Amino acid sequence: MLIVMSAQATEEQVRAVCRKIESLGYRSHSIPGAQRTAIGITGNQGEVDAGFDEMPGVQEVIRVSKPYKLVSRDVKPDNTVVRFPGHSATIGESNLVIMAGPCGIESREQAFAIAERVARAGAQFFRGGAYKPRTSPYSFQGLGEEGLKIMAEIRERFGLLIVTEAVDYESLDLVEKYGDMIQIGARNMQNFSLLKRAGRARKPVLLKRGISATLEEFLMAAEYVMSEGNYNVVLCERGVRTFVDHTRNTLDLSVIPAVQRLSHLPIIADPSHGTGKRDKVTPLARAAVAVGADGLIVEVHHDPDKALSDGMQSLYPDQFDALMEQVRQIAAVLGRTMAAELSPASAINH
Ligand code: PEP
Ligand code: MN
């Protein structure tokens with residue numbers, strides 16, 4: 001259920017509605033918008049008939065028929081913009097956000113060599129897994145906390161924000177401590193207890209689409225995070241499993257406008273996992289920006305033949321530079337901007 005306050009409603013009137021919701025044992029989510037504040041109710045099993053429409057400042061009480069509420073544009077017509085304290089990067093505005101780095105943090109030298117190049121090319125986020133969900137238990141599982149510490153050093157050195165995956169409660173605690181954005185991977189998109197834990201975190205969440213998730217399942221996963229009070233969620237299309245074998249996954253670009261129609265949350269694309277093949281990453285990155293993605297997350301490795309994971313889909317730094325230049329031009333056609341490429345000196349001395 002959604003309570004829409006009138007444009008003139010006072011803060012006290014909004015608080016009074018929230019108090020009433022909480023006194024009934026439900027959770028209230030006050031969502032300020034450009035025109036008016038809406039208040040979502042979660043935790044109720046059926047309809048809540050408590051006379052909200054009689055309360056001062058209330059304009060309308062809407063029953064939300066869709067299974068998701070907080071992610072829905074019905075609740076919040078304006079796009080969500082995710083911000084990062086102390087950093088100019090935002091996600092969901094007209095600028096595109098670019099996240100880049102290796103699949104996994106393998107060593108300090110490897111991570112620094114790649115970070116230097118992606119920072120110089122104009123990325124705002126450094127990506128890299130310290131906890132790797134691998135198909136085989138014998139494959140490289142990530143450096144754990146050591147990898148997170150390397151990324152924290154990279155933030156200090158290059159001014160890049162850190163996005164990295166949490167695979168369970170324990171790693172989420174650590175990712176929340178060292179990182180700037182908590183990635184929930186495709187394999188965990190329906191790990192509901194992990195989603196709820198991410199919903200109680202104080203850092204934004206990058207939620208990747210499950211390997212065979214429908215649009216509704218994807219949005220419901222975001223709803224889990226938001227229902228716990230964390231409204232800073234960014235969705236990521238990373239390809240779904242289909243019958244084709246010319247790519248690892250099929251990057252479902254149509255889901256981007258489909259999400260944007262239904263939800264106010266930003267959505268970025270991952271053409272690396274979305275294709276699994278290096279030669280297809282740049283074309284699909286261009287296409288994702290052209291359909292309206294709010295940004296990209298791209299795997300880059302300085303020596304992909306020796307990468308401990310996902311070398312086949314990692315771009316060489318020079319290829320990433322070229323991708324950035326192409327994407328910058330596509331962004332301009334769409335009236336969107338991208339952070340400038342840095343001179344080598346400013347990237348290093350940040
Ligand atoms: C990753 O980003 O390295 C990763 C494992 O992604 P996904 O969860 O989309 O497979
Ligand atoms: Mn990977």
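Because the model is predicted, local features are considered at a pLDDT of at least 70 and side-chain atom pairs at pLDDT 80 or more, whereas totals for chains, interfaces and linings use all residues. Residues are numbered from 1 along each chain as its sequence is written, chains are lettered from A and ligands numbered from 1 in the order in which they are written, and side-chain values use heavy atoms, with hydrogens and water left out.

Since His-273 belongs to helix 8 (residues 271-275) and Asp-310 to the loop between strand 14 (295-299) and helix 10 (317-333), the pair ties together parts that are 37 residues apart in sequence. Helices (H or I, at least four residues) and strands (E, at least two) are DSSP runs, numbered from the N terminus. His-273 is buried, with a relative accessible area of 9%, and Asp-310, at 19%, also counts as buried; the term buried means under 20% relative accessible area, exposed means over 50%, and partly exposed lies in between (1.4 Å probe, protein chains only).

Helix 5 (residues 192-199) packs on helix 6 (residues 215-227) at an angle of about 45°, with the axes 6 Å apart. This angle makes helix 5 oblique to helix 6, given that angles under 35 degrees count as roughly parallel, over 145 as roughly antiparallel, 65 to 115 as roughly perpendicular and the rest as oblique. The axes are lines fitted to C-alpha atoms, for helices over the stretch in contact, and the angles run from 0 to 180 degrees between N-to-C directions. Helix 5 contributes Phe-192, Leu-195, Lys-196, Ala-198 and Gly-199 to the contact, and helix 6 contributes Ala-221, Tyr-224 and Val-225, where contact means heavy atoms within 4.5 Å.

Glu-217, which is found in helix 6, is partly exposed at a relative accessible area of 32%. Apart from neighbours within four places in sequence, Glu-217 is in contact with Met-189, Gln-190 and Ser-212. Between Glu-217 and Glu-109 there are 108 residues of separation in sequence and 39 Å in space, C-alpha to C-alpha.

Helix 2 (residues 108-121) and helix 3 (residues 145-158) cross at roughly 35°, and their axes come within 10 Å. The residues in contact include Ala-111, Phe-112 and Ala-115 of helix 2 and Ile-150, Ile-154 and Phe-158 of helix 3. In helix 4 (residues 169-178), the buried residues are Ser-171, Leu-172, Leu-174, Val-175, Glu-176 and Tyr-178, and the buried residues of helix 4 pack against helix 3, strand 9 (161-165), strand 10 (181-184) and helix 5.

Helix 9 (residues 278-291) and helix 10 pack at an angle of about 20°, with their axes 9 Å apart, and are therefore roughly parallel to each other. Among the residues in this contact are Ala-285 and Val-289 of helix 9 and Leu-323 and Ile-330 of helix 10.
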